[in-house]
Amino acid sequence: MKILVINCGSSSLKYQLFNMKTKSLLAKGLVERIGRKGSYCHYHPQGKLEIEEERRVSNHRGAIRVMIDFLTSSEHGVIKNVKEIKAIGHRVVHGGEKFTNSIIIDRTVKRSIKEYAKLAPLHNQHNLEGILACESLFPRIPQAAVFDTAFHQTMPAYAYLYGLPMELYKKDGVRRYGFHGTSHKFISLRLAELLKRPLTGLKIISCHLGNGCSIAAIKDGRSIDTSMGLTPLEGLIMGTRCGDIDPGVIFYLMEKERLGLKKINRLLNEKSGLLGLSAISNDMRDIYKAATEGNEQAELALKIFVYRIKKYIGSYAAAMGGLNVLAFTAGIGENQEHIRESICKDMDFLGIKIDKGKNEERLPRERIISSSDSKVLVLVIPTKEELRIAQETYELIKS
Ligand code: ADP
């Protein structure tokens, strides 16, 4: 059975097609700059060379047509007819409190996704556009919504409520929701497979360190706390997002720098984090290179990034009453051994000890990097959010 996974952003469409029998990827692709002059269309059939073409794509519907062209092309295609696709799984960023699991999309689900767009205006609206376009281009194929927030819906109220008037939670839904849920869930399920044991009794900290970064405390397989909040701005230092700050900073800057709502929003979401601190780049590779060449500001940006993660690990170990497994994933977590080393440095008081040699192994594969006498198992697990979305979709249509 073949399942297509769609991730629609404001001006991009990412897709992956899976064969569920073998859990293998058949092809993946990306359409960038949708709605602008000259969109870049990438298509990568598994085991073959990637194709890149510039085309005019004015909306998400057009991007999906391009994807269908590639997937069914006589030269590079991996399917003969779209009818081979048995279901479509959509990444949806915000599912509010309503969606604790993935769900087959119907009219009510679409209405809720639209409603939650008020909490994730940059995402849900585009996720919905992708759903509507797929409905018209793939009529009668079941579609599922897989929410970034769903996995974290197990958090207790004392972890998800802010110290604000309760009324604002009740009336406006202001609370921690958490994101990257599909990735954190994938990591915990994969850990159970790798360790050949149930998740019950395990205290896991999952560090998703990419452009966006978040960390989750997972006890007995359930998320009990996570660093992102009402929006994906809270928590760790990220590529361009500031993470935790004193909310007072906002009022101070609005007054002192005369910044309006839009400018403050851009400052915190797009100009802060590693980019703002280093004044070099939002890409960890550039910052690390500059730091090794003696750039002190880059070196400090790295220290701030690492320090915040260390503090979260300590607080989540306290929240869970211990720690058995620490997992690293996403671009930085999977590929940057120096960051993992700095995070785990001087953490043996918590039972975390990494093996330098294993940590420095530069292979993008699942592996244990803790030393044999480490009480906490430390692992690198490449995240496969799209595969998880495909699996959730598959499970839904099977049932
Ligand atoms: P996104 O959150 O947009 O999916 P990624 O998970 O790709 O982003 O993470 C981007 C970050 O990961 C960047 O800071 C980059 O430096 C780092 N990164 C990604 N791939 C590699 C790699 N192969 N080697 C080293 N660093 C990488």
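## Basis

The model is predicted: local features need pLDDT of at least 70, side-chain atom pairs count only at pLDDT 80 or more, and totals for chains, interfaces and linings use all residues. Residues are numbered from 1 along each chain as its sequence is written, and side-chain values use heavy atoms, with hydrogens and water left out.

## Ligand shell

Around the ligand are Gly210, Asn211, Gly212, Asp283, Met284, Arg285, Ala330, Gly331, Ile332, Asn335 and Gln336, a residue being near if one of its heavy atoms lies within 4 Å. Three of these shell residues are nonpolar, six polar and two charged; Ala, Val, Leu, Ile, Met, Phe, Trp, Tyr, Cys and Pro count as nonpolar, Asp, Glu, Lys and Arg as charged, and the others, Gly among them, as polar.

Helix 10 (284-292) and helix 12 (330-335) each give the shell at least two residues. Helix 12 has the largest share, with four residues. Helices are DSSP runs (H or I, at least four residues), numbered from the N terminus.

## Polar contacts

Polar contacts here are pairs of N or O atoms within 3.5 Å. A polar side-chain atom of Asp283 is 2.5 Å from a ligand oxygen atom, and a polar backbone atom of Asn211 is 2.9 Å from an oxygen atom of the ligand. In the side chain of Gln336, an N or O atom lies 2.7 Å from a nitrogen atom of the ligand.

Of the 570 Å² of accessible area that the ligand has on its own, the protein covers 65% (Shrake-Rupley method, 1.4 Å probe).

## Helix packing

Helix 10 packs on helix 11 (residues 296-320) at about 125°, with the axes 8 Å apart. Helix 10 is therefore oblique to helix 11. Axes are lines fitted to C-alpha atoms over the stretch in contact, and angles run from 0 to 180 degrees between N-to-C directions; under 35 degrees is roughly parallel, over 145 roughly antiparallel, 65 to 115 roughly perpendicular and the rest oblique.

Technical notes. A polar contact is a pair of N or O atoms within 3.5 Å; within protein, one must be able to donate a hydrogen and the other to accept it, and residues adjacent in sequence count only if both atoms are side-chain atoms.
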